[in-house]
Each structure stands twice: as structure tokens, then as C-alpha cells.
Amino acid sequence: VENEENPIKEEDDRKKTLRNVQDNLRTKLSKRGVRIVSGLGKYFRELDKKQNRIITKADYRQALKAFHLEVTEEEFESLWLVLHDDNNGELDYTEFTRAILGEMNEYRKAFVRKAYMKLDYNKIGRVPMVDINKCYCARKHPQVIAGNATEEEIKSSFLETLEDACSNPNEVSFGEFEDYYEGLSIGILDDEDFINILRNPWGI
């Protein structure tokens, strides 16, 4: 009986560790989710390329400090042990980011993929920024409808944030596109509200 209960307890402990870290960062993320998630994605992709796909424990710790995501040493060590155990010692930066910040559910991810596939009609995994500019429509954005912003202001703000997240400001990979909406997702509780944010500008 003891042997049967231990794996369950270990799984509960893992979930508790991740939940504690996510809860501690939630307030900060709700205000700057898009910038933090997309910024971390860009940071790790460039580091991954620079260091020949080798990202160390110290690199992960430094990344959290760089984006002002303060976790205690104890939390970081617990997080590190959980993630390394779950990934058989191989830790991918995407898994690390999703673990500390939370992750979209599959329903939301499906609509993000759908929007990107509409843009990436050649299925090459990269979309020119000029195509993003042509296709994005801010007419039904809540701020525009309320009269608090113009379509051009909303569009410019979106493009600026997306460009900042991209390694090459002239094109957008699926990972970069997903990071943007992953960050946006953090502050939106209702699935349908999130889906409408994708439906309206991309016409899906």
C-alpha cells in the first residue's frame, strides 16, 4: 500500500510546487503577460542558438532575474528538481517557461494554431510581417468599440509588441506567434472571451 501511495503523493507534490510558483507570479503576469512570455521566448531562442542548444541551470535562473520574475532559491530548486525529473534530465526552455507561467488549455491552443495556419498558407512555419500587417483587423477590438482607441492605434500596438518578440522583426514563427497569445491568455479567464480575441482580428 505504501508503494502504491508514494507515486500519488509525489505527483501531488509536483503540482503543488508548480502551483505555488505560478500563484506567486500571477499578479505580475496579469499586468505584463504578453511582454514577459514573448520576451522570455525570444531570450531563450537567442541563447539556445548562441550556446549551441545548451542552456544551463544558471541561465534559467538569470532569465528569471532579467524579467523580474522573483522566486525564492527554495522555490527555484524545487522547480528545477520537478522539471528535470519530469523530463528525464533534459530540460527544454519551452517546458520551463510554461511550467513557471502556466499554459493555455488545448481548446485555446487549437484556435491559435487555426489563426496561424490561415496566415501561413504555404506551411513553411514563418509568416512575413507584411502579411500580418495586411491581415490583422482591429475594427471589433473592445477598445475601438468603446471609443477609447482607434483601429490604427490598436494595430500599431499589436505589431510593435509582436515585432519585439521576434528574433527577425520581418517575420513571425509559430513559436513567436504562440508566445504572444500565451501571454495574452494569462489575463483572460473565460475561454470564449479569449477565442473572440482571435476570431475578430483574424476572421477565423
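Me: Which radius of gyration does the protein chain have, and why does it agree or disagree with a compact globule?
Reply: This is a predicted model in which local features need pLDDT of at least 70, side-chain atom pairs count only at pLDDT 80 or more, and totals for chains, interfaces and linings use all residues. Residues are numbered from 1 along each chain as its sequence is written, and side-chain values use heavy atoms, without hydrogens and water. The radius of gyration is taken over C-alpha atoms, and the globule rule is 2.2 Å times the number of residues to the power 0.38. Because a compact globule of 204 residues would have a radius near 17 Å, the value of the protein chain agrees with it, at 19 Å.

Me: What percentage of the residues in the protein chain is buried?
Reply: Buried means under 20% relative accessible area, exposed means over 50%, and partly exposed lies in between, with a 1.4 Å probe and protein chains only. Of the 204 residues in the protein chain, the buried share is 42%.

Me: Is K123 buried or exposed?
Reply: K123 has a positive phi of about 55° although it is not a glycine, whereas most residues other than glycine have a negative phi. Because its relative accessibility is 66%, K123 counts as exposed.

Me: Where is H68 found?
Reply: H68, a residue other than glycine, has a positive phi near 55°, and with a relative accessible area of 45% H68 is partly exposed. Helices (H or I, at least four residues) and strands (E, at least two) are DSSP runs, numbered from the N terminus. In these terms, H68 lies in the loop between α2 (57–66) and α3 (73–86).
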